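Here is a short tour for someone meeting this structure for the first time. Keep the view open while reading.

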Amino acid sequence: MGNRQTQLDLAQKIKDAIGLKNLQQLNLILNSEKDSLLYTYAGVLLANESLNDEAVDCFKRAGNYGISKHLKEYLQKNGTLNSDFNVFNSSEPYDVWMLTNFLKTYRENTTKACGDYFSKNSILGKEISILDLGTGNGYLIADIINSINSQANYSKIDLVLVDKSEEMLLKAKSYCLNNIKCKNLSITTEQIELNLKTFGKLLEQYEKIPFDIVNCALSIHHLPHEVKLPLLKFLRPISENIVISECNWSHDIPETGSFELIKNVSENYGCIFDDLRKSCLSEKDIECFISGIGLPEALKILTKPRMERIDYHTTIEHWSELAEKADWHVSKVVPTVIYNEKTESFTMFLN
Ligand SMILES: C[S@@+](CC[C@H](N)C(=O)[O-])C[C@H]1O[C@@H](n2cnc3c(N)ncnc32)[C@H](O)[C@@H]1O
């Protein structure tokens with residue numbers, strides 16, 4: 001494929017041809033280029049116009065690129081790329097994802113980054129309070145606390161776990177109680193869906209107890225930047241430190257149906273699906289993750305109006321910009337997963 005500008009020009013021509021339903025013109029462009037990303041782009045736009053046969057044909061021509069094979073199969077089975085599947089109602093697909101090389105590396109390196117950071121930037125005192133936003137199954141926050149505590153040996157740990165999913169919270173509380181090594185551990189759970197209306201409620205309760213650390217791991221990317229920024233501002237007076245561990249992806253700013261968004265989703269979820277296949281999992285587990293998290297997330301980003309996208313991963317640069325606007329100082333950024341020489345995930349420390 002030629003340079004980025006050529007690709008963008010071709011994408012615009014593809015969009016125009018599909019807008020005019022000029023399939024002959026579309027074929028001329030696609031046949032002359034034979035580019036898997038452009039086939040995928042055309043396939044998504046065609047499916048959004050309910051031109052399903054043509055979309056399936058494009059996904060087929062994209063071969064094994066990105067997630068095209070899965071888009072083709074989903075479209076053939078459901079007659080649409082829309083998905084309203086509720087991710088995180090059950091913890092099983094996330095538990096499967098934690099068995100992959102990607103998530104194992106993410107978990108290990110995030111834990112290490114937190115242990116290293118807080119041993120150098122020690123939080124003084126014999127007690128520590130931690131707020132974990134979007135706890136999930138609790139494995140990561142338990143590892144992080146054990147890593148920090150192995151050096152500090154706190155006499156008391158106050159942990160507040162927040163998640164919108166009741167099942168995740170139940171699992172997380174039990175996991176943390178059984179696995180955090182501290183005799184005086186107090187755990188409170190809050191089933192809250194974080195959004196502009198609920199921050200107030202959360203903070204009303206806790207404003208008198210500033211937290212030593214607020215941990216947000218693979219969780220606040222579920223908020224668009226219009227909500228990320230007020231959340232970071234709300235958190236400023238109640239904590240000395242925020243830790244943000246996220247994927248270095250860009251699914252927040254690009255518009256729905258844009259070439260950039262379709263390219264990003266193809267590459268990022270393509271990387272996750274590729275890693276899944278290399279992680280020695282059973283076919284059943286692979287299917288559990290793909291149908292329970294991977295594909296529904298990708299489909300929503302690809303097809304929903306922006307404010308209903310659910311996933312708004314954003315880049316290190318954009319997180320830094322939002323943090324600084326909210327009066328946080330970016331103290332350190334540590335890459336946690338590097339795949340094909342690209343930083344796929346990172347941990348950012350704000351103070
Ligand atoms: C990918 S898991 C991350 C789990 C864990 N922090 C980790 O890094 O392993 C994301 C969690 O965030 C929760 N979540 C998603 N959107 C949320 C929201 N708006 N408010 C509260 N929790 C949310 C989900 O229920 C899920 O348990």
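## Phenylalanine 259

Set aside the neighbours within four places in sequence, and phenylalanine 259 is in contact with Leu8, Ala11 and Tyr41. This is a predicted model. Phenylalanine 259 sits in helix H12, which covers residues 259-278. Glutamine 12 is 247 residues away along the chain, yet the C-alpha atoms of phenylalanine 259 and glutamine 12 are separated by 8.4 Å.

Is phenylalanine 259 buried or exposed? The count is 21 other C-beta atoms within 10 Å. A residue with 20 or more counts as buried, so phenylalanine 259 is buried.

The domain assignment of the protein gives two domains. Domain 1 is 1-78, and domain 2 is 92-249 + 312-350. Their C-alpha centres lie 39 Å apart.

The largest nonpolar core has 50 residues. Which of them touch the most other members? They are Ile14, Leu38, Tyr41, Ala42, Leu81, Ala298 and Leu302. Domain 1 and domain 2 both give residues to this core, so it lies between them. A second, separate core has 47 residues, including Ala113, Ile141, Val214 and Ile244.

Take leucine 81 from the largest core. Beyond its neighbours within four places in sequence, leucine 81 is in contact with Val44, Ala47, Leu71, Tyr74 and Leu75, and also with Leu299, Leu302 and Thr303.

## Parallel strands S1 and S2

Strand S1 spans residues 127-133 and is mostly covered. Six of its seven residues are buried. Strand S2 spans residues 156-163. S1 and S2 pair in the parallel sense, over seven bridges.

## Antiparallel strands around S7

Strand S7, residues 342-350, is also mostly covered, with seven of its nine residues buried. Which strands pair with S7? Strand S5, residues 242-247, runs antiparallel to S7 and is joined to it by six bridges. Here glutamate 246 has phenylalanine 346 of S7 as its bridge partner.

Strand S6, residues 330-339, also runs antiparallel to S7, and eight bridges join the two. Valine 337 stands opposite serine 345 in S7. S6 and S7 form a hairpin with two residues between the strands. In this hairpin, asparagine 340 takes a positive phi near 50°.

## Two loop residues with positive phi

Most residues other than glycine have a negative phi. Phenylalanine 88 is not a glycine, but its phi is positive, about 75°. Phenylalanine 88 lies in the loop between helix H5 (68-78) and helix H6 (92-97). With 18 other C-beta atoms within 10 Å, phenylalanine 88 is partly exposed.

Cysteine 280 is not a glycine either, and has a positive phi of about 55°. Where is cysteine 280 found? Its place is the loop between H12 and helix H13 (283-303). Cysteine 280 has 9 other C-beta atoms within 10 Å, and is exposed. The cut-off for exposed is 12 or fewer.

## Around the ligand

How many residues are around the ligand? There are 16, and Gly134, Gly136, Leu194, Ala217 and His222 come nearest. By class, the shell holds seven nonpolar, six polar and three charged residues.

Key
Residues numbered from 1 in each chain as written. Predicted model: local features only at pLDDT ≥ 70, side-chain atom pairs only at ≥ 80, totals over all residues. Domains from an automatic or database assignment. Helix = DSSP H or I, 4+ residues; strand = E, 2+ residues; numbered from the N terminus. Pairing = 2+ DSSP bridges. Core = buried A, V, L, I, M, F, W, Y, C linked by C-beta atoms within 7 Å. Contact = placed C-beta atoms within 7 Å. Near = placed C-beta within 6 Å. Nonpolar A, V, L, I, M, F, W, Y, C, P; charged D, E, K, R; others polar.
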